[in-house]
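Please read it alongside the sequence and the structure.

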Amino acid sequence: MVISIGFEGSANKLGIGIVKDGEVLSNCRRTYITPPGEGFLPRETAQHHQNNIISLLEETLKTAGIQPNQINIVCFTKGPGIGAPLVSVAAVARTVAQLWNKPLIPVNHCIAHIEMGRLITGSDNPTVLYVSGGNTQVIAYSGNRYRIFGETIDIAVGNCLDRFARVLKLSNDPSPGYNIEQLAKNGSKYHKLPYVVKGMDVSFSGILSYIEEKAPLLLSSGEYTPEDLCFSLQETLFAMLIETTERAMSHCQSKEVLIVGGVGCNERLQEMMKIMCDERGATLYATDERFCIDNGVMIAHTGALMHKSGYKAQWEETFCTQRFRTDEVEVTWR
């Protein structure tokens with residue numbers, strides 16, 4: 001039996017979770033929310049995490065009904081992510097591991113999303129679409145690695161949605177992407193946007209520049225509503241993602257798709273992906289906001305998998321890195 005605690009703070013979500021052999025005991029989270037029209041800066045995000053992490057740790061232990069002496073390993077997000085928030089959370093994880101005299105496991109954030117998705121949905125060997133504010137990748141497992149078949153060559157899909165939400169001055173509560181999704185449900189008039197797929201890779205920065213420039217004119221003319229523009233942006237971005245995912249499925253002869261990451265909560269993305277899967281006789285797996293949005297449980301669970309497979313980290317390896325690619329990690333537990 002392994003009881004694992006995980007610390008996640010790679011962006012604006014601070015999460016701590018406890019897992020016991022794949023059973024979620026607690027999954028506590030606090031989000032740094034900025035005013036409408038603004039993003040979040042590294043220094044202020046790190047300050048939010050520092051101000052909240054001790055009370056969140058107490059809440060997590062209380063929710064799980066676990067004492068520190070019952071915990072076997074301490075896990076934290078090594079990367080990828082934003083430097084200042086990553087380091088502020090890792091410093092607490094390192095301190096806790098020393099105080100409790102527990103092994104410390106550094107975890108890849110992207111792989112944690114995948115392993116949490118596999119655990120919750122019961123999917124076996126899916127083609128993975130990982131979509132979030134900081135990452136966009138199409139991934140499949142082969143030869144003890146999660147191989148990246150395609151990815152964004154500039155900004156992530158979540159970042160594209162978030163930045164358009166700023167143009168419309170949408171609230172960041174609970175997230176700008178969620179508020180775009182709600183507006184898009186009431187949109188019906190499609191405005192044609194650039195569609196940029198380059199082989200297996202996608203590009204979103206040109207689409208964002210185009211719609212940022214056109215939006216004031218289109219809205220002021222009364223020809224389109226904010227709902228129409230949110231609808232148009234979502235349909236275009238998601239169609240690009242589904243095209244590249246289907247191509248990876250075909251290459252891998254896969255019959256499963258797993259969507260992970262914060263944008264994976266989007267119901268329209270899930271709906272469009274399910275249409276494609278149904279046409280191919282494949283199965284779609286996805287999770288809700290408890291597990292697709294950044295959380296500590298995914299770090300705890302992946303760290304436990306690493307620990308059970310015999311992984312041991314040297315203390316000097318427990319640093320953070322903003323760039324930590326999915327395919328850098330040797331997967332020893334599959």
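## Backbone, helix packing and salt bridges

Asp21 lies in the loop between strand S2 (13-20) and strand S3 (23-31). The model is a predicted one, and in it the phi of Asp21 is near 50°, a positive value in a residue other than glycine. With a relative accessibility of 42%, Asp21 counts as partly exposed. A second residue of this kind is Lys169, which is not a glycine and has a positive phi near 55°; Lys169 belongs to the loop between H4 and H5, and it is exposed, its relative accessible area being 57%. As background, most residues other than glycine have a negative phi, and most peptide bonds are trans.

The loop between H4 and helix H5 (176-184) also holds Pro174, and the peptide bond that leads from Asp173 to Pro174 is cis, with omega near 0°. Another cis peptide bond joins Gly79 and Pro80, with omega about -5°; Pro80 is placed in the loop between strand S4 (73-79) and helix H2 (83-100).

Turning to the helices, two packed helices are described by the angle between their axes and the distance between the axes. Helix H6 (residues 205-220) packs against helix H7 (residues 226-252) at an angle of about 160°, and their axes are 11 Å apart. That angle makes H6 roughly antiparallel to H7, and the crossing of the two is right-handed. From H6, the residues Ile207, Ile211, Ala215, Leu218 and Leu219 meet Pro226, Leu229, Leu233, Leu237 and Met240 of H7. The residues of this contact divide into ten nonpolar, no polar and no charged.

H6 also packs with helix H4 (residues 157-167): the axes of H4 and H6 come within 10 Å and cross at roughly 10°, and the two helices are therefore roughly parallel to each other. Here Cys160, Arg163, Phe164 and Val167 in H4 meet Leu208, Ile211, Glu212 and Ala215 in H6, and the residues of the contact divide into six nonpolar, no polar and two charged. Ile211 and Ala215 of H6 take part in the contact with H4 and also in the contact with H7.

Which side chains pair through their charges? Side chains of opposite charge can pair when their charged atoms come close. Across the whole structure a search finds 13 salt bridges, and the table sets out some of them.

| Salt bridge | N to O distance | Relative accessibility |
|---|---|---|
| Arg268 and Glu235 | 2.7 Å | Arg268 24%, Glu235 15% |
| Asp288 and Arg290 | 2.9 Å | Asp288 34%, Arg290 44% |
| Asp327 and Arg325 | 3.4 Å | Asp327 27%, Arg325 35% |

The salt bridge between Arg268 and Glu235 links distant parts of the chain, with Arg268 in helix H8 (residues 267-280) and Glu235 in helix H7, 33 residues apart. Arg268 counts as partly exposed at 24% relative accessibility, whereas Glu235, at 15%, counts as buried.

In the second pair, Asp288 is partly exposed, and Arg290 also counts as partly exposed.

Notes: Residues numbered from 1 in each chain as written. Predicted model: local features only at pLDDT ≥ 70, side-chain atom pairs only at ≥ 80, totals over all residues. Heavy atoms only, no water. Axes fitted to C-alpha atoms, helices over the stretch in contact; angles between N-to-C directions. Helix = DSSP H or I, 4+ residues; strand = E, 2+ residues; numbered from the N terminus. Parallel < 35°, antiparallel > 145°, perpendicular 65-115°, else oblique. Left-handed = near helix turned anticlockwise from the far one by under 90°. Contact = heavy atoms within 4.5 Å. Nonpolar A, V, L, I, M, F, W, Y, C, P; charged D, E, K, R; others polar. Salt bridge = Lys/Arg side-chain N within 4 Å of Asp/Glu carboxyl O. Buried < 20%, exposed > 50% of the residue type's maximum accessible area, 1.4 Å probe, protein only.
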